[in-house]
Amino acid sequence: MEHKKETRQFKTEVQQLMKLIINSLYSHPEIFLRELISNASDAIDKVRFKAQTDPDILGQDAELRIRIIPDKENRTITIEDNGIGMTYDEVVENIGTIAQSGTKAFLDAMEKAKNKESLLPELIGQFGVGFYSAFIVAEKVTLLTRAAGQDKAVRWESAGDGSYTIEETDRASRGTSVILTLKPRGDDEPDYTDEWTIRNIVKRHSDFVSYPIVMDVERREQIPEGEIIKDKEGNPVGSTSRTVVKEETLNSMKAIWTRNKSEVTEEEYTEFYKHISHDWEAPLAHLHIRFEGTTEYQALLYIPSHLPLDFTLRERRHGIHLYSKRVFIMDDCRELMPEYLGFVHGVVDAPDLNLNISREILQHDSLVRNIRKNLLKRIFDLLENMEPEKYEQFFSEFGAILKIGVPTDHENRERIAKLLRYRTTKSEGKFVSLKHYVERMQPDQDEIYYITGDNFAALANSPHLERLKEKDLEVVLMTDPIDEWVVQHLGLFEDKKFTSAEKGDLGLDKPDDKKTGEFGDFFAFLKDELKDLVKEVKPSTHLKDSLSCLSGEAYDMSAYMEKILRASGQKTEPVKRVLELNIDHPAIANVKYVFEKDRTDPVLKDYARLLYDLAVVAEGGKVEDPSRFSRTVGLLMAEAITAEELMAGDAIEV
Ligand code: ADP
């Protein structure tokens, strides 16, 4: 299909994003070069990976490299690679639209942020800036690209002003050139066409890129004795030196994971992290491992300081890069890192791996399995020994993802459990470990009480906790949807059983059989009245001050779980719960009194429903018939207040 030149508009989000990037990164303009080199290096990784199954793809152009071409006269700088290139549609898709789901999330977060200016670098950091950073320094960006295996090339151009042009063109060979026409240079701004400026930036940000970054440089050279240089007219020139152009490689390509820890500086670790993760901020922690033994490998792993805005388990990107003897095999090697640590970035270099290994084989490879096991162990060690403050940051960013490990990684369940943090009824808003909870249990307590729901305030004040609080028993407040599964799969922590505060009997006190017996008839009546809503009505083991609450039986699905499943679109039969009533509460005694006087009194129907509705309201639910609810409460208030006034001898006519 032939494509004529056309002008297209950037999607609105792209325009917004470009503005944000340019405005927030003006103080670090030089990072454009790192971003473009990084894209070039990714593109070469891709063509090299393809070449493993299709060696012809490299053709004559098998020497993979990135070239920087400064042009002082025209004030341009070109970053060129012989990587995989892009087709017409790929250019439109990748450069014109920003397909990543994260963009929207990013812009929404930006929209909401109060303190926009100061938050920008942080938000950008979570997002990665990529190609558009070119517009920090360029007034016009031209991209020429030819995809591997295609005859035609594509020319894309934009002045970053909302539109771009795109057309079909020719390019001698496979790869991409990004040509930046630089903005006029201010007095104290660096000159990005200057050899030393470029060298410095490359050294600082891209030294370990694993392909040569080459540039032609001019050098004065001594003229060898006996050789006579002539000018155009053929007359001998008197000078003893001449200018020659040489190609030089600017980066050392030294894979930092192969070096000794003592030889790598903090800055180098950080720069390398930024290179592989496309994150703009420094990582929270890194782990540099050299493992020698039957399994031999080197690894450099990083834990980011933030959960990227576009992080979803399925779409996670970059992850662990797999190498063998410094030769890149693949990125995002999921076989080395379980889903619940999918946010870890890094490099693993295993010399014994076959370069042609496929993803299918990787899964069953015992070497890979061994490495994964070791890596996990080291990551757990790192997390367990992290300074508390740092760990808190880690957990608030990644805790919900880490929890996925409890139901999915049987082998490491205990270690993950140690890493969990929760708020409790006694932690004063802080997150504490389960170990901490167990340490301060009551002497005769042998269960860990917990309750699940979607917000702390409602949980902390739930009527289910009244008796527990009275007995000074601490309750873990769980608000991540995954917590239900975590508890189910853990079952125990340090031999202490998890006990739901809203399911089953708490067994805190022996029931007073005589008193309970007195309520038998009354409760049977209520159960019949509410038979469509509850499966049982019984004296509460939870309540102290409230009238009523709804509980599950020990093996029922919790109300929160039911809500989560319903919200995720799953059809679940509504689980009928148990209506628990506080038989020590005077109001219950009063209703029982009305019941015993006249079982056919129509007001009993309203009271039965009210007791149920009050339980629903107490757990933050919605009553089904709010107007009936409000009418009944209104009448009760009128009666109560009238009675009071009467007692004070000051009657009101009603
Ligand atoms: P990111 O690199 O974070 O994905 P970018 O905005 O930098 O975001 O690039 C978007 C996409 O454009 C890349 O994912 C890649 O598919 C494509 N791309 C960018 N530069 C190149 C290049 N030099 N060669 C091939 N594809 C490229």
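This is a predicted model: local features need pLDDT of at least 70, side-chain atom pairs count only at pLDDT 80 or more; totals for chains, interfaces and linings use all residues.

Visitor: In what order do the strands of the open sheet stand?

Guide: The six strands run β16-β15-β18-β17-β20-β19, and the pairing is mixed. β16 (432–433) and β19 (492–493) are at the edges, each with a single partner strand, so one side of each has no neighbour in the sheet.

Visitor: Now a helix. Which residues of α19 are buried?

Guide: Buried means under 20% relative accessible area, exposed means over 50%, and partly exposed is in between (1.4 Å probe, protein chains only). In α19 (residues 520–529), the buried residues are Phe-522, Phe-523, Phe-525 and Leu-526. They cover an arc of only 155° around the axis, which puts them on the same side of α19. That arc is taken from the directions from the helix axis to the C-beta atoms.

Visitor: What do the buried residues of α19 pack against?

Guide: Their partners are β21 (534–539), β23 (577–581), α21 (586–597) and α22 (603–618). Contact here means heavy atoms within 4.5 Å.

Visitor: How many salt bridges does the structure hold?

Guide: First the idea. Side chains of opposite charge can pair when their charged atoms come close. The cut-off is a side-chain nitrogen of Lys or Arg within 4 Å of a carboxyl oxygen of Asp or Glu. The structure holds 44 of these salt bridges. In one of them, Arg-199 pairs with Glu-248, and the closest N and O atoms are 2.2 Å apart. Arg-199 is in helix α7 (residues 195–206) and Glu-248 is in strand β9 (residues 241–249), so the pair ties together parts 49 residues apart in sequence.

Visitor: Is Arg-199 buried or exposed?

Guide: Arg-199 counts as buried, at 15% relative accessibility. Glu-248 counts as partly exposed, at 23%.

Visitor: Which residue does Lys-592 form a salt bridge with?

Guide: The partner is Glu-596, with the closest N and O atoms 3.6 Å apart. Lys-592 is buried at 13% relative accessibility, whereas Glu-596 is partly exposed at 48%. Elsewhere, salt bridges that share partners join Lys-5, Arg-155, Glu-157 and Glu-167 into one network.

Visitor: Last, pockets. What lines the second largest pocket?

Guide: On a 1 Å grid over the protein atoms alone, a pocket is an open set of points where a 1.4 Å probe fits, with protein on both sides within 12 Å along at least five of seven lines; lining residues have an atom within 4 Å of a point. The second largest pocket is lined by 29 residues, and Ala-559, Lys-563, Arg-577, Glu-619 and Gly-621 lie nearest its centre. Helix α20 gives the largest share of that lining, five residues.

Definitions and conventions. Residues are numbered from 1 along each chain as its sequence is written. Side-chain values use heavy atoms; hydrogens and water are left out. Helices (H or I, at least four residues) and strands (E, at least two) are DSSP runs, numbered from the N terminus. Two strands pair if DSSP finds at least two bridges between them.
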